[in-house]
Amino acid sequence: MAVITVVDPGENNDIYTNLLAAFTAASDGDTVSIPYSKTYVITGNITVTKKVSLIGNGISNTIIKRSEVSSDGQLETWNSIITFTRPNITVSGYTYNDDKPCGIVLSGITFKSKIPSTDDGTDGGSMAADRGVRFINCVDFKVYNCRFENFGDGGLEVRHRDYLARGLVYNCEFYNNAKGALGLGLGYGVTVYGEGKEWVY
C-alpha cells in the first residue's frame, strides 16, 4: 500500500492534471495525498475506478474549488469534482458485481463550487446544479473531516445497489449547497439514491 503524493501545481493553479496523474499511478489499496496548505482550482471531473483513498492536509488547509470563470454549462457537464465508482468486473466472459468493501477514505479537504446566485442568476452568481463528490456502488467507504460548499445539487452524492448500502460520513461540514432564490428545487448536504429496481426490506 503506497502513498502517491500529488505534485504541487502552486497556489490557485489548476490541480486537475496532477491529481489525475496521481490516481492513474495508484493501485488498489493506495492513498493519494495532497499534503499542502493551499487552495487549488480544478477544471474537469476525475473518475476513480480503483480502491484508492484521497487525503488532504486538513479541512482548513487543502481547498479544491471550481474556478469562477468556469461556465455553469461546464460545471453541469463535469457533474462533480471527483467520482469514486466500482464498476462491474468481467472475468472469463462472466460479469459480476464487486460487492467487497472498497476501503476508500476521503478526508482533510474542502471542496467548493462557484459562488451561488442569491436570485435567479442576474446577480452573476452560479445557477449550476453541480455536485461535490460522488460515490457509486462503493461499499464501506468513509468520508470525514471534509467541507462541501456552494454546490447546486448537493455536496456529497451516494448511489448504491438496492441490496447493499454501506458507508460512513461523519464530522463533515455542508455549507450553502443551494443556488438561486428557490434553490433550484435542490440543495442538499448528502443525497442517497438506490437503483429503484427492487423493494428491499
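These are my notebook entries on one predicted model, from the whole chain down to single residues.

**Ground rules**

I worked on a predicted model, in which local features need pLDDT of at least 70 and side-chain atom pairs count only at pLDDT 80 or more, while totals for chains, interfaces and linings use all residues. I number residues from 1 along each chain as its sequence is written, and side-chain values use heavy atoms, with hydrogens and water left out.

**Entry 1: the whole chain**

I looked up the secondary structure and found 2 helices and 18 strands. Both are DSSP runs, numbered from the N terminus: helices are H or I with at least four residues, strands are E with at least two.

I then checked the overall dimensions. The C-alpha trace spans about 55 × 45 × 30 Å along its principal axes. The radius of gyration is 17 Å, which agrees with the value near 17 Å for a compact globule of 201 residues. That radius is taken over C-alpha atoms, and the globule rule is 2.2 Å times the number of residues to the power 0.38.

Next came the surface. The chain exposes about 9,600 Å², and carbon and sulfur atoms supply 51% of this area. Accessible areas come from the Shrake-Rupley method with a 1.4 Å probe; for residues, only the protein chains shown count as cover. Of the 201 residues, 46% are buried. Buried means under 20% relative accessible area, exposed over 50%, and partly exposed in between.

I also looked at contacts, meaning heavy atoms within 4.5 Å. Among those with a separation of 6 or more, 77% are between residues 24 or more positions apart.

**Entry 2: the sheet that starts with β3**

I traced an open sheet of 5 strands, in the order β3-β6-β11-β14-β17, with parallel pairing. Two strands pair if DSSP finds at least two bridges between them. β3 (39–41) and β17 (173–175) are the edge strands; each has a single partner, so one side of each is left without a neighbour in the sheet. From one strand to the next the twist averages 15°. Axes here are lines fitted to C-alpha atoms, for helices over the stretch in contact, and angles run from 0 to 180 degrees between N-to-C directions.

I looked at one pair in detail: β14 (residues 147–149) runs parallel to β17 and is joined to it by 3 bridges. There, E149 has Y175 of β17 as its bridge partner.

**Entry 3: the sheet that starts with β4**

I found another open sheet of 5 strands, with the order β4-β7-β12-β15-β18 and parallel pairing. Its edges are β4 and β18 (188–193), each with a single partner strand, so one side of each is left without a neighbour in the sheet. With direction ignored, neighbouring strands are turned by 10° against each other on average.

I followed β15 in both directions. β12 and β15 run parallel and share 5 bridges, with F135 bridged to V158. β15 and β18 also run parallel, joined by 5 bridges. In β18, L156 is partnered by V190 and R159 by Y193. Of the 6 residues of β15, 5 are buried, so the strand is largely enclosed by the rest of the structure.

I noted that α1 lies across β4 and β7, at about 10° to β4.

**Entry 4: the nonpolar core**

Which residues have the most contacts inside the largest nonpolar core? They are L19, V32, L54, F84, F111 and F135, in a core of 35 residues. Such a core is a set of buried Ala, Val, Leu, Ile, Met, Phe, Trp, Tyr and Cys residues joined through side-chain atoms within 4.5 Å. Elements that each supply at least two of its residues include α1 (16–25), β7 (82–85), β12 (131–136) and β15 (154–159). The largest share, 3 residues, comes from α1.

I checked V32, leaving aside neighbours within four places in sequence. Its contacts include I4, V6, L19, F23, L54 and I55.

**Entry 5: two loop residues**

Where is C102 found? C102 is in the loop between β9 (94–96) and β10 (105–107). At 6% relative accessibility, C102 counts as buried. Leaving aside neighbours within four places in sequence, C102 is in contact with K51, C138, V139, D140 and F141. V52 is 50 residues away along the chain, and its C-alpha atom is 8.3 Å from that of C102.

I ended with S80, in the loop between α2 (72–78) and β7. S80 is buried, with a relative accessible area of 0%. With neighbours within four places set aside, the contacts of S80 include G44, N45, R66 and R131.

Key
Buried means under 20% relative accessible area, exposed over 50%, partly exposed in between (1.4 Å probe, protein chains only).
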